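Please read the report below alongside the sequence and the coordinates, which are shown first.

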Amino acid sequence: MTIGNFGNLLMLICLLASFTQLLYLLPKKIDIDYRVLSRAPFFASLLAFTLLIYIFVSSDFNYQLVVNNSHSEKPLIYKIAGAWGNHEGSLLLWILVLTIFNFIFSYSKIKHVDFKKNVMAFQSLMIFGFTLFLLFTSNPFLETEITVNEGLGLNPVLQDLLLAIHPPILYVGYVGYSLVLSFAVGGMISNKVDREWAEWLHPWVLIAWIFLTLGIGLGSFWAYYELGWGGYWFWDPVENASLMPWLAGTALFHCVIILKKKNILQSWTILLSILTFSLSLIGTFLVRSGILNSVHTFASDPARGLFILIFLAIILIISFTLYAFRGPALDNKNEMNLVSKESGILANNWLLLSTLFVVFLGTLYPLGTDLFLQKSISVGPKYYILSLLPITILLLLAMIVGPSAKWQNDKILNIILSINKLFILSLAIIFGFSIYFAELQLTQITLLTLCLTLIFISIKNGLRVNQDYTIIKSSLGQSLAHIGFGLLILSVVGNATFAQEKIFQAKVNDTLILDDHVFKFNSVEQTEGKNFNAITATFYLMDNKTILDTFEPEIRVYSNPPTVTSETSIIRKFLADIYVVMNIPENSDFVNVRIHIKPLISFIWLSVILMVVGGISAIVFRVKLTR
Amino acid sequence: MKKFNIKYFIPVTIVILFLIFFSQVLNRDVSKLSSQLIEKPIPTFNMPTLFNDDQSFNTSDVAEKNVALVNIWASWCIPCRSEHEILMILSKIEGLNLYGINYKDNKDNALKFIEQLGNPYNKIGVDKNGRSSMVWGVYGVPETFIIHKGTVIYKHIGPIHMNELEDVILPILGKIL
Amino acid sequence: MKIKLLILILTFISFSSILSASSKMTSKQNDRAIDLFKETRCLVCQSQTIYDSNSELATDLKLFIQEEIIAGKTDNDIKAQLVTNYGEWILMTPSLSKTNYILWFSPFIFLLIGIVVMFKYIFNKSTKRNNYE
């Protein structure tokens with residue numbers, strides 16, 4: 001039996017096992033050890049995925065996937081990453097993550113049997129559907145029709161360590177919300193959507209969120225370092241496809257907190273739980289069906305698109321119909337007051353969803369005009385920035401006021417008193433900056449002041465102490481994550497305002513000046529790497545006669561597949577990055593160099609880490625319901 | 001007490017509408033951008049010709065014909081070579097006037113190309129720097145436009161393959177010739 | 001062999017002509033040009049602007065824009081000409097035309113709907129929002 005045959009067999013086992021699990025879980029009376037049921041799909045997928053990696057690592061060109069995506073000279077780590085750097089492999093990874101969550105959940109100590117069964121049943125339905133999709137349209141173990149001795153290679157732009165780990169991390173986030181959906185479905189069927197349900201759900205919504213945040217951050221980090229465009233976010237459809245579930249997921253865990261504490265907003269929480277994974281699914285449909293043009297899209301195939309759409313339709317219609325019937329019965333008496341933490345969180349929810357609406361609309365509108373008006377339009381970054389500006393301002397306000405409000409009922413005056421000093425301090429700092437350093441416009445002043453206020457308030461909230469002067473750990477997560485978000489917006493605004501760049505035509509020994517940075521073009525030479533040849537230029541950043549830094553941008557020529565890439569040279573300083581990219585024109589004796597000065601970039605990455613650490617703290621120190 | 005509230009059916013309705021929307025979008029080929037010019041009069045242009053520097057190829061040459069076909073090509077464009085056969089076939093059609101625009105090419109190479117593969121065109125305009133072709137919304141070669149009484153009715157991006165000739169081009173021509 | 005391969009592939013990177021045109025522009029014109037470059041989509045590059053792209057089409061379009069600026073055309077003239085030639089698709093920011101009203105205005109409507117619904121929820125207590133509706 002060949003490896004491919006064995007792989008197919010394993011996925012068939014996964015298919016049958018998940019179907020069996022679905023059947024076993026439906027009848028009410030059967031009493032089973034759930035851990036046993038979830039094992040077969042999990043181990044089968046894990047083994048199949050290991051085999052997939054093996055055929056890539058051993059460069060087994062009997063398999064079409066390996067031929068299309070790998071090459072024997074590729075460094076080991078990129079052979080491994082090649083396994084999931086394509087449609088079929090990443091789909092197998094998707095299934096694996098589905099089974100992992102199912103498996104781990106089967107070990108949870110939830111004693112509500114009916115609920116647990118329903119959750120696992122729905123999860124198995126999804127495993128079944130995706131495995132069916134894999135076996136019928138996207139089998140990674142398909143053998144080649146003709147014998148081939150070498151592969152076509154992996155796009156060198158994808159040969160990067162960060163990018164190699166970006167999909168697995170992103171998928172744990174993306175697919176983690178599948179379990180959240182199963183929780184919602186299970187809760188609706190078992191009529192168990194209450195504080196206890198929220199407590200069971202709480203760690204899962206946070207885990208998925210943490211990985212999704214980290215995954216998006218990594219992707220953005222990679223785009224900045226590798227693509228050489230000087231940017232870190234392009235409002236590209238695939239980026240948007242990962243941002244949308246993130247926005248819904250952020251709104252969701254805030255709701256879960258309210259549900260856990262106050263036992264209200266049940267149907268809203270369920271709706272968000274369904275929405276988040278729906279967005280993951282829609283995202284995957286958009287990316288893999290080829291209907292959107294993007295630098296990210298995998299090879300498209302309308303047949304595949306149709307399959308995904310059908311699967312998507314089944315999951316969404318089941319979930320949303322269930323919501324239509326069970327939703328009304330879920331809610332408790334509403335006791336929310338206008339001035340309270342709950343209303344602050346609800347405001348935050350709606351602002352996040354408004355952001356989601358803008359991103360969704362911007363991504364899909366061109367499809368709409370194409371379909372209904374036979375007209376193609378582009379929706380570029382300016383649309384998103386202009387539309388999101390007012391929403392972001394309101395969101396920052398909500399994040400400042402919300403955590404400062406008390407649960408249940410508070411007075412506006414009290415809230416204002418608790419934030420006014422820090423607000424005034426922030427305003428003073430920003431105004432001072434505007435007067436003494438660099439003039440700022442009103443929008444920038446507003447945003448920066450709010451960000452700074454948010455950071456200060458969040459630090460203050462994080463330092464709250466108990467009676468015995470120990471820090472209240474349960475608010476650490478919120479504090480860190482909010483500091484992270486405030487820092488993120490602050491850095492983005494700062495970078496956009498103060499970034500500078502210039503294109504120079506340079507010959508060796510030229511001096512290039514940007515702002516008050518002086519660069520000396522030292523040399524150009526031919527160099528070699530593991531699977532490429534390169535032309536490397538050397539630039540020195542000078543301070544009078546001293547060399548402060550060395551920049552070495554390259555033009556690389558790969559042979560498998562034949563590609564030319566431009567490698568950026570970036571030096572990170574505390575307050576700014578200096579970013580140098582080069583291009584070599586035809587028949588000339590000079591080089592075109594693009595030098596960027598990009599302030600606050602490192603703080604963007606720091607803010608993502610803060611949010612992730614905040615999420616981890618939130619899980620570790622979460623408040624448990626007392627019985 | 002059973003509860004029923006029609007408002008809770010709003011999400012599923014929205015979802016179904018979107019699913020229908022997506023299924024319609026799937027059936028469209030997004031990579032072929034619909035031409036800006038379709039159903040608009042042909043753009044204004046004037047360029048020298050390949051064989052005779054004094055002669056010009058301009059808007060009225062194409063606009064006054066009942067049915068015309070404008071093909072943008074270059075000698076360095078490999079798909080243009082295979083497409084040329086198809087153009088030779090089209091040139092035999094009664095009532096169809098073919099015009100070519102030689103895009104960003106070297107004169108000698110272009111002449112050699114025509115010499116070797118034949119001349120299906122009434123006239124060949126020369127667009128040395130690609131500027132004149134911009135009004136046609138050209139962004140690559142080859143591209144072909146079918147024009148009926150001075151209005152663009154079809155744009156073909158990329159080379160015309162035999163099956164496309166049979167399935168798409170000839171039917172369109174059949175309706176207007 | 002390696003050098004030949006390099007040169008062969010490098011002949012496809014072309015930049016020189018743009019900069020010769022740019023040297024004829026004033027600093028303000030140059031800024032205008034750069035802003036327009038960032039607003040114009042590279043039609044063959046998937047989501048890049050012509051400012052970021054090195055493709056041939058991007059180079060041609062950059063030259064075209066520079067020449068039009070030198071010839072005295074306004075930004076709107078130039079954008080209009082690009083749209084006439086290539087379609088609205090070539091501009092990165094969607095216009096404020098009737099067909100795009102939904103795109104630009106519906107987010108605010110969405111926000112307003114939310115505010116209205118939230119207020120209704122907060123202010124309709126006990127009597128409406130309980131289990132015995």
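A:Ser59 is placed in the loop of chain A that runs between helix H2 (34-57) and helix H3 (64-69), in a model that is predicted. The phi angle of A:Ser59 is near 50°, which is a positive value in a residue other than glycine. Most residues other than glycine have a negative phi, and most peptide bonds are trans. Is A:Ser59 buried, exposed or partly exposed? Because A:Ser59 has 19 C-beta neighbours inside 10 Å, whereas 20 or more would be needed for a buried residue, A:Ser59 counts as partly exposed.

In chain B, B:Lys104 also has a phi near 50°, a positive value in a residue other than glycine, and B:Lys104 sits in the loop between strand S4 (96-103) and helix H4 (107-117) of that chain. With 18 other C-beta atoms within 10 Å, B:Lys104 is partly exposed. Another loop of chain B, the one between strand S5 (123-127) and strand S6 (143-148), holds B:Pro142, and the peptide bond that joins B:Val141 to B:Pro142 is cis, with omega at about -5°.

## A four-stranded sheet in chain A

Chain A contains an open sheet of 4 strands in the order S1-S10-S9-S8, and the pairing is antiparallel. Strand S1 (500-506) and strand S8 (569-572) of chain A form the edges of this sheet, each pairing on one side only. With direction ignored, neighbouring strands of the sheet are turned by 15° against each other on average.

How many bridges join strand S9 of chain A to strand S10 of chain A? There are 8 bridges between strand S9 (residues 576-583) and strand S10 (residues 591-599) of chain A, and these two strands run antiparallel. Within chain A, A:Asp577 stands opposite A:Lys598, a residue of S10(A).

A:Phe221 belongs to helix H8 of chain A, which spans residues 195-226. Since 18 other C-beta atoms lie within 10 Å of A:Phe221, this residue is partly exposed.

When residues up to four places away in sequence are not counted, A:Phe221 touches A:Leu162 and A:Trp605. A:Leu463, in turn, is 242 residues from A:Phe221 in sequence, and the C-alpha to C-alpha separation of A:Phe221 and A:Leu463 in space is 31 Å.

## Where chain A meets chain B

The contact between these two chains involves 24 residues of chain A and 19 residues of chain B. On the side of chain A that touches chain B, helix H10 (266-289), helix H11 (302-330) and helix H12 (341-373) of chain A each supply at least two residues. Which element gives the largest share of that side of chain A? The largest share comes from H11(A), with 14 residues.

Sorted by class, the side of chain A that touches chain B has 16 nonpolar, 7 polar and 1 charged residues.

## Chain C

The secondary structure of chain C comes to 6 helices and 0 strands, so that its elements, followed from the N terminus on, run α-α-α-α-α-α. Chain C has 133 residues, of which buried residues make up 29%. Among the contacts in chain C between residues at least 6 apart in sequence, 52% join residues that are at least 24 apart.

Conventions:
Residues numbered from 1 in each chain as written. Chains lettered and ligands numbered in written order. Predicted model: local features only at pLDDT ≥ 70, side-chain atom pairs only at ≥ 80, totals over all residues. Buried ≥ 20, exposed ≤ 12 C-beta atoms within 10 Å, placed from the backbone. Contact = placed C-beta atoms within 7 Å. Pairing = 2+ DSSP bridges. Axes fitted to C-alpha atoms, helices over the stretch in contact; angles between N-to-C directions. Nonpolar A, V, L, I, M, F, W, Y, C, P; charged D, E, K, R; others polar.
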